[in-house]
Amino acid sequence: MHKPRLKFWDIWNMSFGFLGIQFGFALQGSTMSRIFETLGAEKDNIPLLWIAAPLAGLIVQPIIGYLSDNTWHKSLGRRRPFFLLGAILSSIALLLMPYSSAVWMAAGLLLVLDASINISMEPFRALVADKLPDSQRSYGFVIQTLIIGIGTWVASNLPKFMNNVLNISNEAAPGVVPESVRVAFIVGAVVFIGSILVTIFTTKEYSPEQMQKFEDGDEPEKDQGMIKTILGTYALMPKIMKKLGIVQFFSWFAFFAMWTLANPALTSHIYNAPKPQIEEFAQLDSEGELQYDADRVILFQDDQARLEYSEQDKSYNEASDDVGSKMGIYGLSSMAFALLLTFYTSRFAINRKLVHMGSLILGGAGFLLMYFIPGEPEMLYVCFVLIGFAWGSILSMPYAMLSSSVASSKMGLMMGVFNMFIVIPQIIAALGGVVFLQKLIGEESIHAMTVAGVFLLFAAFSNLLITDRKAIKYDPA
């Protein structure tokens with residue numbers, strides 16, 4: 001028995017929750033490093049402060065995958081209970097994040113936010129495989145990428161929109177997150193839970209009995225318990241997962257470098273507007289600590305120092321707004337990439353390996369170009385358009401290749417375990433890998449983007465390892 005083919009709007013509705021998920025990820029990716037810098041974090045320490053995010057993924061993803069495979073609620077079904085739980089927790093974290101008063105508080109909320117997003121995200125990946133026949137899976141993952149692209153662009157532009165259109169200030173006292181960023185996070189929280197509810201109310205899931213019929217009557221494997229099942233899956237990974245894992249490793253190392261270091265790298269190299277160090281303008285005691293007045297307001301050396309700090313900080317915030325806005329372009333170009341593939345894959349088969357390899361090469365070129373355009377912020381449009389092609393492919397092609405090669409009964413667990421190849425490179429990068437490689441090239445922070453470009457090229461050519469015909473190209477025959 002085969003799963004029925006779904007119409008476009010059915011696939012759109014079941015993927016719509018990804019709009020909110022991507023609002024969370026895009027606000028995190030485009031503003032967290034800015035928040036850390038605002039709260040006083042050193043530039044080279046920023047990747048380490050992000051380590052909570054991949055650590056949460058490493059722990060949460062396989063557990064949620066296993067639980068969602070083995071859950072059935074009479075009203076919410078198999079995956080939707082996790083959509084709802086993750087949405088509630090993520091929205092709370094988004095509301096609290098911009099009100100952090102210290103670096104440790106922001107890092108802790110990042111852990112909560114990323115863990116909560118993962119509770120919703122991994123079951124969404126599995127839902128596509130649950131609902132769609134093999135012939136529509138590339139189509140389904142591409143539609144998810146289309147929605148992700150919309151979310152990335154809109155969310156990345158929110159702080160700049162709040163300032164330029166709604167006149168909400170992007171300036172604040174030292175150590176305080178600007179109001180424009182705070183309002184952007186509030187909007188993100190509302191969109192997150194709202195879009196998840198759209199999917200919950202418009203999408204029905206197949207029951208375990210129906211799923212068993214789609215498996216051609218094969219007897220389900222005996223459940224051995226969560227820990228044993230997860231460890232067994234790690235030990236017995238299919239070859240296609242291991243090969244795709246190499247591609248994913250290089251890909252996600254590159255994008256982690258972008259999320260953590262693009263803001264300090266680009267504000268300095270492209271805009272010549274680095275974050276000013278408050279210690280250079282404030283009064284310090286004999287031990288070099290900041291001096292405050294009775295209201296806990298930082299004391300400046302004099303009025304001229306106050307004015308200079310204010311002007312430099314304003315330039316930094318304007319540059320950060322523009323970096324965030326231009327980063328949103330990779331969401332738009334990934335959306336265009338996804339839209340093209342949506343129309344094509346709805347009618348024809350594609351060679352997933354070649355599409356993915358070509359897209360990653362273009363993304364690598366986008367990162368490498370950044371070094372050669374100091375003082376030319378408009379050229380960032382070109383860079384992020386190319387990066388968006390890679391992003392669109394990263395969010396669809398590996399999952400389409402994997403889902404064609406594993407059993408539906410273990411799809412959630414497999415997707416969770418597969419994401420080990422997403423979080424491990426991010427952990428390595430956070431523990432100093434990206435800063436170490438950057439400094440091998442040079443002291444300038446822009447070389448973090450050079451590292452990202454080189455790693456995307458490594459990812460592209462790692463696709464040559466993939467030889468599984470079923471994974472590479474769906475053949476309806």
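L113 lies in helix α6, where helices are DSSP runs of H or I with at least four residues, strands are runs of E with at least two, and both are numbered from the N terminus. The model is predicted, so local features need pLDDT of at least 70 and side-chain atom pairs count only at pLDDT 80 or more, while totals for chains, interfaces and linings use all residues. Residues are numbered from 1 along each chain as its sequence is written, and side-chain values use heavy atoms, with hydrogens and water left out.

L113 is buried, with a relative accessible area of 0%; buried means under 20%, exposed over 50% and partly exposed in between, with a 1.4 Å probe and protein chains only. Leaving aside residues up to four places away in sequence, L113 touches Q28, S90, A93, L94 and M97, a contact being heavy atoms within 4.5 Å. From L113 to M97 the C-alpha separation is 8.7 Å, and the two are 16 residues apart in sequence.

Two helix pairs are set out below. Their axes are lines fitted to C-alpha atoms over the stretch in contact, and angles run from 0 to 180 degrees between N-to-C directions.

| Helix pair | Axes | Crossing angle |
|---|---|---|
| α5 (residues 80-96) and α6 (residues 103-131) | come within 8 Å | roughly 150° |
| α11 (residues 239-269) and α14 (residues 380-394) | 12 Å apart | about 150° |

α5 and α6 are therefore roughly antiparallel to each other, a description used for angles over 145 degrees, against under 35 for roughly parallel, 65 to 115 for roughly perpendicular and oblique for the rest. α5 passes α6 in a left-handed crossing, that is, one in which the near helix is turned anticlockwise from the far one by less than a right angle, clockwise being right-handed. In this contact, residues of α5 including S90, A93 and L94 meet residues of α6, among them L109, L113 and I117. The contact residues divide into 16 nonpolar, four polar and no charged, where Ala, Val, Leu, Ile, Met, Phe, Trp, Tyr, Cys and Pro count as nonpolar, Asp, Glu, Lys and Arg as charged, and the others, Gly among them, as polar.

α11 and α14 are likewise roughly antiparallel, and their crossing is left-handed. Q248, S251, W252, F255, M258, W259 and L266 in α11 meet L380, F384, I387, W391 and I394 in α14, giving ten nonpolar, two polar and no charged residues.

Over the protein chain as a whole, the secondary structure comes to 19 helices and zero strands, and 58% of the 477 residues count as buried.
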